[in-house]
Amino acid sequence: MSTPDSPGTAPEIIERTAEYAGVRTRELLVSGSGDPIVLLHGYADSADTWRGVLRALAAAGRSAVAVDLPGFGLAAPREPGALTAQFEEFAAAVVRAHGPVVLVGNSLGAATALRIAARDRDGRVTAVICLDEPLLARHWLARVCRWREYTGLFDLIGALPISDRVVQWAVRKAVGVFIYGPGFVADPAFLTTAVRSVPDMAALAARGRDAVRYARENPIGHGVVVPVCPVLIVHGAKDRVIPVRAARELHALLPGSELVVLPQAGHCPQLDQPDEVVRLILETAQRARRIA
């Protein structure tokens, strides 16, 4: 499919189906020049989280593509087995299809982007930008998630007799509180995509179960990661999900990386401050081009 983001307005975001690593998905694209900027969303999110960034990139004349990761948005469901490997295989296929690229990720997408960049030895990733990367979080919730599977708990949650309407109301409230920074108003269109991800108790239980699985697959963070391309680490100072100290630890782990803390942004700076995120992306892409 190919549909405009908003008829009669510019720049236009094109929506179409695609397939990477055998996974059918949806992608949002804008046309322009330069190495394509590939945008990877976070857990339980979708390519829609990047619409503001895509518009700003298009206005700047840069080409970009945002994809739904397996099992999220309008992508096909994930296969049984390890989640981390599926996300990374999919993202690597996106990079191969569009490379060389500037790789940008938020949360789960940031962790995935960093590992893809670290494995790149063919120059397909010219720079990587990590927004609110989660794997070095060591707060109580991260520790609890890595402790056990909680299978019985999630079975119980999925069976609770709570109406879909109440679940959807709670999802909207949670997104406003935990995803956006304080003082930023949640976009109603984005809230609709969040409800699409978690429409009922069964979906809530499934998202929780897989989040724990992903955390348990990555108990010590990244281990050794050494991207050869420029790395920019961005973190929202008002992130209520992943503390800023996780970004500082990642910065210390990656000599030569740069760290920017956005004072007002929350867990998804691309929603709070898309123009600032685009400025940082373009500056990093320009620095990568000078190095090359």
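## An exposed tryptophan

Let's begin with Trp169, which counts as exposed because its relative accessibility is 54%, where the cut-off for exposed is over 50%. Keep in mind that this is a predicted model. Trp169 sits in helix 6, which covers residues 164-179. In sequence, Trp169 and Pro199 are 30 residues apart, yet in space their C-alpha atoms are 9.6 Å apart.

Next, look for Leu153, Leu156, Leu160, Ile162 and Val166, which make a nonpolar surface patch of about 410 Å². One of them, Leu153, belongs to helix 5 (residues 151-159). Leu153 is partly exposed, at a relative accessible area of 43%.

In soluble globular proteins, nonpolar side chains tend to be buried together. Here, the largest nonpolar core has 45 residues, and Leu40, Leu103 and Val128 have the most contacts inside it. Apart from that core lies another, of 29 residues, including Ile37, Trp50, Ile129 and Leu232.

Which residues does Leu103 touch, leaving aside its neighbours within four places in sequence? Leu103 is in contact with Val38, Leu40, Val95, Ala113, Ile116, Val125, Ala127, Val128 and Ile129.

Finally, find helix 2, which spans residues 83-98. From first C-alpha to last, helix 2 reaches 23 Å, close to the expected 22 Å. Of its 16 residues, 12 are buried, so helix 2 is mostly covered. Among the buried residues of helix 2 are Leu83, Phe87, Phe90, Val94, Val95 and His98.

How values were computed: Residues numbered from 1 in each chain as written. Predicted model: local features only at pLDDT ≥ 70, side-chain atom pairs only at ≥ 80, totals over all residues. Heavy atoms only, no water. Core = buried A, V, L, I, M, F, W, Y, C linked by side-chain atoms within 4.5 Å. Buried < 20%, exposed > 50% of the residue type's maximum accessible area, 1.4 Å probe, protein only. Contact = heavy atoms within 4.5 Å. Patch = residues over 30% accessible without salt bridge, like charges linked within 9 Å, V, L, I, M, F, W, Y side chains within 5 Å. Areas by Shrake-Rupley, 256 points an atom, 1.4 Å probe, with all protein chains shown as cover. Salt bridge = Lys/Arg side-chain N within 4 Å of Asp/Glu carboxyl O. Helix = DSSP H or I, 4+ residues; strand = E, 2+ residues; numbered from the N terminus. Expected span 1.5 Å × (residues − 1).
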